[in-house]
Amino acid sequence: MRLLSLKAMRTLIVYISYHHGNTEVIAGAMREVLEAELRSPESTTPEHIKSFDLIGFGSGNYFGKFDKRLVSLIDGLPRGTDKDAFIFSTSGSGVYEDAHRELRKRLADKGFRVVGEWHCKAFDTYGPLRLMGGLNKGKPDAKDIEAAKSFAARLKMASSSKAA
Ligand SMILES: Cc1cc2nc3c(=O)[nH]c(=O)nc-3n(C[C@H](O)[C@H](O)[C@H](O)COP(=O)(O)O)c2cc1C
């Protein structure tokens, strides 16, 4: 008789969110669905990452890039990290493709399989934007949170069908 694997998928979400907590709201929504552990890059070690099946990496977009601390964590990981990963971000402009491409490449260099990516526009008062009340006030909103949860649910479904 073939036994199905009932081992729960273990998910870690590593994120940085310092401007308005926008990315933190999204990380929290994904955590709920994936029952994930949330961590900062500074408190995450290569050893820690080893004990998870799926790892999410997220931050705001700062000067066109993911936060440096997240990038340093990835750069410090050993090659041959045979894990599934996903990327998520928030930004003021809605432009995110280059930042995602760069992080995707760094992850692939370490052996991760990037199985999903997610982004939304979010509140931004950086520099002169503050003078005009900022961009995207109120975002991420309920719709963004629902979209983040649906994304997480798709990841969960894909992982559990792999495990079965
Ligand atoms: C220092 C700094 C630089 C930023 N640079 C960009 C940028 O290059 N492009 C962009 O679309 N948004 C930029 N933003 C806006 C943030 O990406 C946006 O507000 C994001 O949601 C912040 O996420 P957080 O609240 O999780 O930190 C910048 C914000 C800050 C504080």
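Helix α4, which covers residues 97-109, has 13 residues and reaches 18 Å from its first C-alpha to its last, close to the 18 Å expected at 1.5 Å a residue, where the expected span is 1.5 Å times one less than the number of residues. Helices (H or I, at least four residues) and strands (E, at least two) are DSSP runs numbered from the N terminus. This is a predicted model, in which local features need pLDDT of at least 70 and side-chain atom pairs count only at pLDDT 80 or more, while totals for chains, interfaces and linings use all residues. Residues are numbered from 1 along each chain as its sequence is written, and side-chain values use heavy atoms, with hydrogens and water left out.

The buried residues of α4 are Ala-99, His-100, Leu-103 and Leu-107, buried meaning under 20% relative accessible area, exposed over 50% and partly exposed in between, with a 1.4 Å probe and protein chains only. Seen down the axis of α4, these buried residues fall within an arc of 95°, so they line one face of the helix; the arc is that of the directions from the helix axis to the C-beta atoms. An α-helix has 3.6 residues a turn, so residues three or four places apart point the same way. The buried residues of α4 pack against β3 (54-60), α3 (68-75), β4 (84-91) and β5 (113-121), whereas the face turned away from the buried side carries the exposed residues Asp-98 and Lys-105. Gly-111, which follows α4, has a positive phi near 100°.

Strand β4 also holds Ser-91, a residue that is buried with a relative accessible area of 6%. Leaving aside neighbours within four places in sequence, Ser-91 is in contact (heavy atoms within 4.5 Å) with Asn-61, His-119, Cys-120, Lys-121, Ala-122 and Asn-136. With His-119 there is a side-chain to side-chain polar contact of 2.9 Å; a polar contact is a pair of N or O atoms within 3.5 Å, and within protein one must be able to donate a hydrogen and the other to accept it, residues adjacent in sequence counting only if both atoms are side-chain atoms.

The ligand is surrounded by 20 residues, the closest being Ser-17, Thr-23, Asn-61, Tyr-62 and Ser-93, with a residue taken as near if one of its heavy atoms lies within 4 Å.

| Residue | Protein atom | Distance to a ligand oxygen atom |
|---|---|---|
| His-20 | backbone N or O | 2.7 Å |
| Thr-23 | side-chain N or O | 2.6 Å |
| Ser-93 | polar side-chain atom | 2.6 Å |

The protein covers 90% of the 650 Å² of accessible area that the ligand has on its own, areas coming from the Shrake-Rupley method with a 1.4 Å probe, where for residues only the protein chains shown count as cover. The elements that give two or more residues to the shell around the ligand are α1 (22-34) and β4.
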